[in-house]
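Please read it alongside the structure shown here.

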Amino acid sequence: MTEYMRNSDAFTWSMEADPRLRSTVVTVLLLDRTPDWEAMRSRFETITADLPMFRERVVYSPLSAPPRWVPYADFDLDFHTRRVSAPAPGTFDTVLEMARIAAMEDFDRARPLWKATLVDGLADGGAAVVCKFHHALTDGVGAIEIAMRLFDLTEEPEQPTAAPHAPASSSNEETWWRDYVDTLRFDAERASNTVTDLVRSAPSLAYNAIRHPVATAGAAVETAASVYRTVRPVNETGSPLMTDRSLVRHLAVHEVPLRQLRDAGHRGGGSLNDAFVAGVLGGLRLYHEKHGAEVGDLHLCMPVSLRTEEDAPGGNRITLMRFDVPGAEVDPARRIAQIHRRTARVRNERSLPYTQLIAGAMNLMPRWYIGSVLRHVDFLCSDVPGIPVPVYLGGARLRAQYAFGPTIGAAVNVTLLTYVDTCELGIDVDTGAIEDVDIFHACLADGFDEVLALGR
């Protein structure tokens, strides 16, 4: 049966007409030793059996239907899971460079959209796994759910129990007319669902309009304003410094104590996420000060999870919300409080229930408009709750896990991924916007030190 992309996933896919807006996610797993290769490979095979998208490719649909997932008849696990020896000097920087190249390379779009490479022979006796997947496969929370299928809770690997995977249909069985029939059926179902929703909602809308006409009209205006805030183009960056964009990336990492960052957020009247954004924002302020540039409000893009317990791990269940945060605020407690207030407003936007409708409309927009919506964002922050206990892969203990989210038009994306008692930050910098990456990294560390001082 044909499975069409959700509108939000189709938006993620189609905006890559501009390569600066690619949605490639790279994660790096650091292990204390080389894992059992066959056990690791077997675990990935189990994941592809449980989650069909990992054995499917994306094809474009005729007419107005979104792209769809179809089984890939020539799926080859050994193409997607590879093993290499670390080139000299075999340090963590070596692994980061491999991850950087993976982040900049596009996918072979005739195949499923993921790869995992085991890098063994590191100088410290450890190993690493560089995983790469397209954001249309899953979001951050879904990726953690998938990761729990990859890891073990003990050093002894458990034998996976994979359900038998149905063989993919041969590509020569696909015909052009079947694509059109499927598309017409999809459009008919979509129209039917829209009419059904209108019929169901019409009585309550009419009742509210009669009983509370002013409130009903006001709610409609507020919803329309919320939708506009979601899709409005941003014509210039908030930063006077980070204005250019390129296809070159630089990856770096930073670690902060989980409990201390959470305590700092609470003492500032916010949450762990608010303290995280405050740390990044403090680093950006210090970076501008280093260059003698004034900074005011900066444009932040933040994923908001719409995932529920009923949702499967695959697929994207997020929406991207853009709003301004106080870049000039020096006091970390006040910075956290202001971020908390602004983030709370965003998380309660009236447009959130209409995410799929908005994404469907955006898919009909010209590609230049999509670029204008995203390309002038200053920075992107993503907070992903990770694994709270030590885990193992093929008998090797996981020492650290870093996620590098795509910049999708921003100067930098900082992704926070928790593991046990540590917040591990993956920093993905567009070097067209930030050339002196070492100075920026030092400023970012100082920005987090400002915030962490509240939690001591």
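In β14, T415 is the bridge partner of S382. The model is predicted, so that local features need pLDDT of at least 70 and side-chain atom pairs count only at pLDDT 80 or more, while totals for chains, interfaces and linings use all residues. Residues are numbered from 1 along each chain as its sequence is written, and side-chain values use heavy atoms, with hydrogens and water left out.

**Strand pairing**
- Strand β11 (residues 379-387) runs parallel to β14 and is joined to it by seven bridges; strands are DSSP runs of E with at least two residues, numbered from the N terminus, and two strands pair if DSSP finds at least two bridges between them.
- Strand β15 (residues 422-430) pairs with β14 in the antiparallel sense over eight bridges, and the bridge partner of T418 in β15 is C423.
- β14 and β15 form a hairpin with two residues between them, and V420 in the turn has a positive phi of about 55°.

**Burial of β14**
- Eight of the eight residues of β14 (residues 412-419) are buried, meaning under 20% relative accessible area with a 1.4 Å probe and protein chains only.
- Both faces are covered, with V412, V414, L416 and T418 buried on one side and N413, T415, L417 and Y419 buried on the other.

**Helix packing**
- Helix α8 (residues 258-267) and helix α9 (residues 272-290) pack at an angle of about 95°, with their axes 7 Å apart; helices are DSSP runs of H or I with at least four residues, and axes are lines fitted to C-alpha atoms over the stretch in contact, with angles from 0 to 180 degrees between N-to-C directions.

Note on methods. Buried means under 20% relative accessible area, exposed over 50%, partly exposed in between (1.4 Å probe, protein chains only).
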